[in-house]
Amino acid sequence: MRPDDLLRPTEAGLYCPPGDFYIDPVRPVPRALVTHGHADHARPGSEKVLATRQTLAIMALRYGEDFCVERQEAPLGETITINGVDVSFHPAGHVLGSAQIAVSHNGLTIVASGDYKRRADPTCLPFEPVRCDVFITEATFALPVFRHPETADEVAKLLASLRQFPERAHLVGAYALGKAQRVIRHLRDAGYDKPIYIHGALKKLCDFYQSEGIDLGELRPATIEAKSGDGTIKADFAGAVVVGPPSAFADRWARRFPDPVSCFASGWMRVRQRARQRGVELPLIISDHCDWDELTQTIDEIAPQEVWVTHGREEALVRWCELRQLRARPLHLVGYEDEAE
Ligand SMILES: [Zn+2]
């Protein structure tokens, strides 16, 4: 069996002809297997959805209970057979519930890793290398210039700024699923035990993480007005950490805080120009994707016969593989945004 007969890129996403299912389809399909809850991978409207319990719960939180007609839970490591094709889900280390999907048929195994990272993340299970013939890797930060610094050092920068500017609110932009909870958890691990204020858009997901046993400490709504006896007064956010989704920073919400220090937690903060364009005063290079070294080390470790590269800087990683006599091709799948990182 040729790899292309088992999984192939189509306009709707990666399709498995013998199993008649799609992985992370970008439009509604009869049967979808979903790697994780980020909006570009998990979309509503498919008939049947197979995903980890946590990803199914996250989809229900984001899209409502009727995000599909029939949902099926994929317990990690267990084989499920669909039309004679074996599939199994394995931790991807990206966000809570994220999984790689291994697809096996007639002695051939392809692993679609979705988004993944190798760094320690206190909010999800670590990436688990799975033996396979073809490894499908993301390429969000697949250029040698991308080398993410130690997460603890980035968190230390934020804590140092809080000490330096005790009168200023520190507004941390962080993607609503995964990054926000991870930044909060890292702050707790670094000993920060004051209440952390969150934008309303983060509440449901933070509550879900807490209900899954990830302790985020005391979270309070970042509402500017607090009632006092004779009316409303401005709540005091001096020296507070306020976490919100990146989109909130462009609107009036962000301007309500006193002399804020604008921070943004993203792998893209490695690019100074991006930080400048966004008006970020304190860039925090914290990524939920692999950097260049982690991508190449992962391919070395898994040692597949062939690598397929998708969403991101595909060409550089394909070239790297070819220089090592490893067969590789870009998939050119469309519809996966690497901005939301
Ligand atoms: Zn993702």
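Tutor: Helices (H or I, at least four residues) and strands (E, at least two) are taken as DSSP runs and are numbered from the N terminus. The model we are reading is a predicted one.

Student: In the loop between which two strands is the place of Asp-24?

Tutor: Asp-24 has a positive phi of about 45° although it is not a glycine. Most residues other than glycine have a negative phi. As for its place, Asp-24 sits in the loop that lies between β3 and β4 (31–33).

Student: Is Asp-24 buried or exposed?

Tutor: A residue counts as buried if 20 or more other C-beta atoms lie within 10 Å of its own. Asp-24 has 27 other C-beta atoms within 10 Å, and therefore Asp-24 is buried.

Student: Asp-20 also has a positive phi; how many other C-beta atoms lie within 10 Å of Asp-20?

Tutor: Asp-20, whose phi is near 55°, belongs to the loop between β2 (13–16) and β3 (21–23). A residue is exposed at 12 or fewer such neighbours and buried at 20 or more, with partly exposed in between. Asp-20 is partly exposed because the number of other C-beta atoms within 10 Å is 13.

Student: Which strands stand at the edges of the open sheet of seven strands?

Tutor: The order of this open sheet is β7-β8-β9-β10-β11-β20-β21, and its pairing is mixed. A strand with a single partner has one side left without a neighbour in the sheet, so the strands at the edges are β7 (80–82) and β21 (327–330).

Student: In β10, what is the bridge partner of Ala-102?

Tutor: Strand β9 (residues 99–105) and strand β10 (residues 108–112) run antiparallel and are joined by five bridges. Within this pairing, the residue of β10 that is the bridge partner of Ala-102 is Val-111.

Student: Which residues of strand β12 point the other way from His-170 and Val-172?

Tutor: In a regular strand the side chains alternate between the two faces of the sheet. In β12 (residues 170–173) all four residues are buried, with His-170 and Val-172 pointing one way, and those that point the other way are Leu-171 and Gly-173.

Student: In β17, which residue does Gly-173 stand opposite?

Tutor: β12 pairs in the parallel sense with β18 (residues 261–265) over four bridges, and there His-170 has Val-261 as its bridge partner. Four bridges also join β12 to the parallel strand β17 (residues 241–244). In β17, the residue opposite Gly-173 is Gly-244.

Definitions and conventions
Residues numbered from 1 in each chain as written. Predicted model: local features only at pLDDT ≥ 70, side-chain atom pairs only at ≥ 80, totals over all residues. Pairing = 2+ DSSP bridges.
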